[in-house]
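Notebook open, model loaded. I'll jot down what I look up as I go.

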Amino acid sequence: MPRSALALSFFAILISGCRAPLPDPTSPAALLYARRCDNCHRPYNPHGLTAAMWDLKVKLMEPKMQAAGMPPLTSDERASILEYLEGHAGTE
Ligand code: HEC
């Protein structure tokens, strides 16, 4: 295979990896996550972080949401989002 074709297929894999669809995308928790967490950046794929990291990230995002004037996560929303993210989290 010519080098350029190789590079192209490499990028195709890279891009499709980054744009990997969210797991279980039609579940209420996935929709809630996508709705609450895509205002400033795309919703990151839960596989990308461990459960412990998700716990930390959501805590770090809450003051950002508040600073941006967004309504805070209710405890139910936080619980569903974390359950979704941690249920599909990566292992390292
Ligand atoms: C008000 C804007 C805003 C909202 C809403 C928001 N984020 Fe973020 N997020 C950011 C910014 C800005 C960054 C860039 C990195 C930083 O400043 O920590 C970021 C980065 C991240 C990162 C990558 C951090 C890293 O260390 O690589 C993750 C994961 C993340 N956000 C998850 C979430 C989740 C989960 C939610 C929903 C609960 C959310 N974000 C909602 C602003 C937001």
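This is a predicted model: local features need pLDDT of at least 70, side-chain atom pairs count only at pLDDT 80 or more; totals for chains, interfaces and linings use all residues.

**Iron site notes**

Started with H41, which I find partly exposed at 29% relative accessibility (buried is under 20% relative accessible area, exposed over 50%, partly exposed in between; 1.4 Å probe, protein chains only). Residues are numbered from 1 along each chain as its sequence is written, and side-chain values use heavy atoms, with hydrogens and water left out.

**Donors**

Which protein atoms hold the iron atom of the ligand? I get H41 (NE2) and M61 (SD), lying 1.9 to 2.2 Å from the iron. Donors here are N, O and S atoms within 2.8 Å of the metal (3.2 Å for Na, K and Ca), and water is not among the atoms, so sites may look incomplete. The angles among the six donor atoms run from 85 to 180 degrees, and the site comes out octahedral (six donors, opposite ones over 155 degrees apart and all others between 65 and 115). H41 sits in the loop between α2 (28-37) and α3 (51-67) while M61 is in helix α3, so the two tie together parts 20 residues apart in sequence. M61 is partly exposed too, its relative accessible area being 28%.

**Around the ligand**

I count 14 residues surrounding the ligand, with C37, C40, H41, K57 and M61 the closest (a heavy atom within 4 Å). α3 gives the most to this shell, six residues, and α2 and α3 each supply at least two. Then I checked polar contacts (pairs of N or O atoms within 3.5 Å). A polar side-chain atom of K57 is 2.4 Å from a ligand oxygen, and for K64 a side-chain N or O atom is 2.9 Å from an oxygen of the ligand.

**Whole chain**

How many helices and strands are there? Four helices and zero strands, in the order α-α-α-α from the N terminus; these are DSSP runs (helices H or I, at least four residues; strands E, at least two). Of the 92 residues, 26% are buried.

Last stop was D24, in the loop between α1 (3-18) and α2. Phi of D24 is near 50 degrees, positive in a residue other than glycine. Most residues other than glycine have a negative phi.

Technical notes:
Four donors count as tetrahedral if all angles lie between 85 and 135 degrees; four count as square planar and six as octahedral if opposite donors are over 155 degrees apart and all others between 65 and 115; anything else is irregular. A polar contact is a pair of N or O atoms within 3.5 Å; within protein, one must be able to donate a hydrogen and the other to accept it, and residues adjacent in sequence count only if both atoms are side-chain atoms.
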